[in-house]
Amino acid sequence: MHDDWTWSYESYDPAEERLRESLCAVGNGYLVTRGAAPECTADGTHYPGTYAAGVYNRLSTDIANSRVENECLVNLPNWLALTFRVDRGPWFGPDTADLLEYHQYLDLRRALLVRRVRFRDRDGRTTRVVQRRFAHMRLPNVCALEVTVVAEDWSGRLEFRSGIDGGVDNGLVERYRDLPRKHLDLLGARALSDCSVLLEMCTNQSRIPVAMAARNTLYHGEHPVEAEYLLVDEGSWIGHDIAIDMREGQVVTVEKTVTLSTGRDRAISEPAVEAARWLPRLGRFDTLLESHVLAWTQLWDRFHIELEHRPDELRVLRLHLLHLLQTVSPNTTELDAGVPARGLHGEAYRGHILWDELFVFPLLNLRLPALTRSLLRYRYRRLPEAVQAAREEGHHGAMYPWQSGSDGREESQRLHLNPRSGRWIPDPTRLQRHIGLAIAHNTWQYYQATGDREFLTHYGTEMLVQIARFFADLTSYDRARDRYVIRGVMGPDEFHSRYPDAQSDGIDNNAYTNVLTVWTVLRAADALRAMPALARTELMERLHLRPEELHRWDDISRKMFVPFHADGVISQFEGYGQLAELDWAAYRKRYRNIQRLDRILEAEGDDVNRYQAAKQADVLMLFYLLSADELGPLFKRLGYQLEHDTIPRTIDYYLARTSHGSTLSAVVHAWVLARANRDRALEFFRRALESDVTDIQGGTTPEGIHLAAMAGSVDLLQRCFSGLETRGDRLLLNPYWPQPLGVLELSLRYREHPLVLRISENRVDVAAGAGMQRAIEIACRGQLARLHPGSTVHFPL
Ligand code: BGC
């Protein structure tokens, strides 16, 4: 099956199983369950994992002579657990059975995972199995698994074993093997009825109760089957053995319906009560599937995308959108949850939230703005923590953490393991203060896309002001230069955490941080101006924001220092140009894959800090976030002249010195090359498409998807090649459409208008759905049109 709505595999490959588990996960924004085989438990090949948004637990241990604390997204009990045997033979599993046919596919339209297996057992019996599963998109606490068994050429006693396995821990990531992994304590397990069970557990530090209930019912087609149920209660594993007699050719189906509730749910009494109360109310698998599919149909309407004649790219783009919406969905708006960098699909980065939402929000803003709003409120709720963090560092304003989990404190690890050398080394990545700038950017972009002044008034401006205040406070005035400088930070390029041979961490005047600081103080001032007068006065009083502080911001916005190399290229940070050049060809030859040059060099006893080498886009992030129209005036205000070739020369310079050790890098490089070098841009676009499906980093996708690259790849079509911007109360289009991509059609919403955009090499059409909205202005390469509900505008290119 190879249509553009199906992600499929035609055979079983144990070596690829964990990758497939990540790529075939099912979820609904409340929880995600990896695409693990129901018959399997965690072993070298398989890793069943279920994670619920915001369910974290904190444990500490001693590593390399220091006490380290880690907060992890908790792997919850495995609700899939289901296998079977015939006449007391061995339990079925893909690693032991003689597989005759094997086919697994994710139906992207319906967010339904299907697995079809035909096998022969050691006694020569041939059995066919079809499994289907989903995590309900409208009923976020509900999941379902259906297993159909066909006795092709045998008669005998068929016994299913189906339950909930609470004996799980966080063991997916090999690098974390020295960290404690047991996060759940058993509270209790019991039968709820003849065919249903309940397991209650609790996270052992954050004290979040987790309850899961499962019901197993058997059918011959439409008819319920009388079967013999035997309770299996093995402590944290509870379920049933269910036996029936089968005749040759007979078909039987088990429907396993599951409810999950945690102490973080709203509108509940208590999780166990909730899970138990809802279970009997749920209908049959197909009935649940129907409402699940309806929810997805409506979602796909909003996220509609077509690429004519490019089915391979289209399939991956849809897979990316699917995983985006399985991680954050309308269900998320009811939660206190952020955007975990690796989805809810695994345990990499321990489920933390970094700056990756910067690459995700542009898709959501134009389709589900209420979702962005709620995800921004995850940050707003943690503003007091960020203010406290700044205070502890002797600063004003809000210092957001590089990695964030439950309560918004800094969750970055202090030490990390280099798997190449086996050494635990200090991890200074928390110095990536620029995370705050990303939050400021996201806040402003959300406002630009939606015009949601209410959000700005109640939450947005306060975040912008506190972030601006922190960065303004981080600057110091360098009298000799008559410029403001920022010392001792890290930019997005994680390869540079300090100067070679320096005693302390941090580099000075990271161009990205400095320029975005200017942008942020300007936007904070804009946000204050955009607020209703009374609310502004109240906010300024509350934050003790006085005119002198605003004057200092203004001064910073005119006198921030930006480092340049002698030839006019923007320097990644002060002194970058003096670092040694790496012999890239030699390293590529020696190691083939040099994405993680930092690890390679450390293992060699060298230090990547010594070289002009970047893991990912750093300076170039400026051209990704800010269009030339914005950047030019910003530099001019600072008294720097951006020559016509400054941007292309800066791009070329860093392109030659980047290892792309982060999947974010391909997205940014495709973006910045789109105008000047379309072929290379397409190369990076394809690389972004491949990030996860081919596990481009060789082993990271099995530990969780890369959500920024997934969303970013779609955004490359949406905003980059189309030149789409929402600025100055207008929708702006400036396509630079690569002809090899054919014709793009996608839907989006701008200021309440449902729009369908069609872009080809020589034409743009924008159609508006019917409605009562006011007409909007659309500008395309100097042509201006007003778009009324129900009408279409065309722009020849
Ligand atoms: C990148 C970060 C990113 C993180 C999570 C790292 O490899 O360097 O920029 O936030 O992955 O995706």
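This note sets out, point by point, the main features of a predicted protein model.

1. Basis of the note. The model is predicted, so local features need pLDDT of at least 70 and side-chain atom pairs count only at pLDDT 80 or more, whereas totals for chains, interfaces and linings use all residues. Residues are numbered from 1 along each chain as its sequence is written, and side-chain values use heavy atoms, with hydrogens and water left out.

2. Overall form. The protein has 20 helices and 32 strands; helices (H or I, at least four residues) and strands (E, at least two) are DSSP runs, numbered from the N terminus. Its radius of gyration is 27 Å, close to the 28 Å that the globule rule gives for 797 residues, so the protein is as compact as a globular protein of that length. That radius is taken over C-alpha atoms, and the globule rule is 2.2 Å times the number of residues to the power 0.38. The C-alpha trace spans about 90 × 70 × 60 Å along its principal axes.

3. Of the 797 residues, 63% are buried; buried means under 20% relative accessible area, exposed over 50%, and partly exposed in between (1.4 Å probe, protein chains only). The protein exposes about 29,500 Å², of which carbon and sulfur atoms supply 47%; these areas come from the Shrake-Rupley method with a 1.4 Å probe, and for residues only the protein chains shown count as cover. A contact means heavy atoms within 4.5 Å. Among contacts between residues at least 6 apart in sequence, 68% join residues at least 24 apart.

4. The unreviewed UniProt entry places "domain: Glycoside hydrolase family 65 central catalytic" at residues 318-714. This span is 49% helix and 4% strand, and its end C-alpha atoms lie 9 Å apart. The record also places "domain: Glycoside hydrolase family 65 C-terminal" at residues 724-786, a span with 0% helix and 59% strand whose end C-alpha atoms lie 16 Å apart. UniProt positions are given in the numbering used here, feature names are shortened, and annotations may be inferred rather than shown by experiment.

5. Nonpolar cores. In soluble globular proteins, nonpolar side chains tend to be buried together. A nonpolar core is a set of buried Ala, Val, Leu, Ile, Met, Phe, Trp, Tyr and Cys residues joined through side-chain atoms within 4.5 Å. Which residues touch the most other members of the largest core? They are Trp355 and Phe721, in a core of 243 residues. Apart from that core lies another, of twelve residues, among them Tyr105, Leu112, Val142 and Leu289. Beyond its neighbours within four places in sequence, Trp355 is in contact with residues including Trp402, His434, Tyr512 and Leu664.

6. Helices α17 and α18. Leu664 is also one of the buried residues of α18, a helix in which ten of ten residues are buried. The buried residues of α18 pack against α15, α17, α19 and α20 (707-720). In α17 (residues 646-655), the buried residues are Thr646, Thr650, Ile651, Tyr653, Tyr654 and Leu655; their cover includes α15 (620-625), α18 (664-673) and α19 (678-693).

7. Phe134. This residue is found in strand β10 and counts as buried, at 0% relative accessibility. Leaving aside neighbours within four places in sequence, the contacts of Phe134 include Val26, Trp79, Leu112, Cys143 and Leu289. Phe134 and Leu187 are 53 residues apart in sequence and 27 Å apart in space, C-alpha to C-alpha.

8. Salt bridges. Side chains of opposite charge can pair when their charged atoms come close. The structure holds 71 salt bridges, each a side-chain nitrogen of Lys or Arg within 4 Å of a carboxyl oxygen of Asp or Glu. Glu146 pairs with Arg132, the closest N and O atoms being 2.8 Å apart. Glu146 belongs to strand β11 (residues 142-151) and Arg132 to strand β10 (residues 126-135); both residues are buried.

9. Further charged pairs. Arg181 and Asp169 form a salt bridge at 3.2 Å, N to O, and both stand in the loop between β12 (156-165) and β13 (184-193). Arg181 is partly exposed at 35% relative accessible area, as is Asp169 at 26%. Arg373 and Asp452 meet at 2.7 Å, linking helix α6 (residues 369-381) to the loop between α8 (435-450) and α9 (453-474). Asp452 is buried, with a relative accessible area of 15%. Finally, Arg58, Glu69, Glu71, Asp407, Arg409 and Glu411 are linked in a network of salt bridges.
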